[in-house]
Amino acid sequence: MRLLGMMLVGATIYAFEIPNYFDWIVKKTQFLKGIKATLAKTGLAILYFNPLWIARHLLFIKLFSGQFEAIRWNLLVIAFWSFLANILISFIANYIIQNRFKLKWRFLGSAIFSALMAIYYALSETIFS
């Protein structure tokens, strides 16, 4: 159920909002050049995948795992520490995705990175509880 649920979320919510957010990043940074553009694109991508996004992802995991009793405010704390612990990795990955990939490939690049991070987010409950 968890796999099917996460696939549903990925094919609906994430498939809609992530490409739209990446389009928005392009529009927001289109007049910036050089290091300003690079840092702005990377920073805006990191702002999207923030602790609230991680907490929402953890919430989906709990929902689709049938662990309704585990849906508590502590998911926000776990998400915060998870975000802080992976900020360097996220910065590097989002830099590459936002500044080296063409727009049409950013969603795929982000999906691959997110799939790897989803494993980390699932483990983060054990690591940061």
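The largest cavity here has a volume of about 70 Å³. On a 1 Å grid over the protein atoms alone, a cavity is a set of points where a 1.4 Å probe fits but cannot get out. Volume means the space filled by probe spheres set on the points, which are joined across faces, edges and corners.

Before going on: this is a predicted model, so local features need pLDDT of at least 70 and side-chain atom pairs pLDDT 80 or more, while totals for chains, interfaces and linings use all residues. Residues are numbered from 1 along each chain as its sequence is written, and side-chain values use heavy atoms, with hydrogens and water left out.

Back to the cavity. Its lining includes Trp-53, Asn-94, Ser-114 and Tyr-121; a lining residue has an atom within 4 Å of a point. Helix α6 provides the largest share, four residues. Helices are DSSP runs of H or I, at least four residues, numbered from the N terminus. The lining has seven nonpolar residues, four polar and no charged. Here Ala, Val, Leu, Ile, Met, Phe, Trp, Tyr, Cys and Pro count as nonpolar, Asp, Glu, Lys and Arg as charged, and the others, Gly among them, as polar.

Next, the largest pocket, at about 270 Å³. A pocket is an open set of points with protein on both sides within 12 Å along at least five of seven lines. Of its 15 lining residues, Tyr-14, His-57, Ser-114, Ala-115 and Ala-118 lie nearest the centre. Helix α6 again gives the most, seven residues.

Tyr-14 and Glu-17 are among the buried residues of α1, buried meaning under 20% relative accessible area, exposed over 50% and partly exposed in between, with a 1.4 Å probe and protein chains only.

Which residue meets Glu-17 in a salt bridge? Arg-56 does, at 2.3 Å, N to O. That pair joins α1 to α3, 39 residues apart. Arg-56 is partly exposed, at 24% relative accessibility. A salt bridge puts a side-chain nitrogen of Lys or Arg within 4 Å of a carboxyl oxygen of Asp or Glu.

The structure holds two salt bridges. In the other, Lys-62 and Glu-125 have their closest N and O atoms 2.4 Å apart. This one connects α3 with α6, across 63 residues. Lys-62 is buried, at 6%.

Terms used
Helix = DSSP H or I, 4+ residues; strand = E, 2+ residues; numbered from the N terminus.
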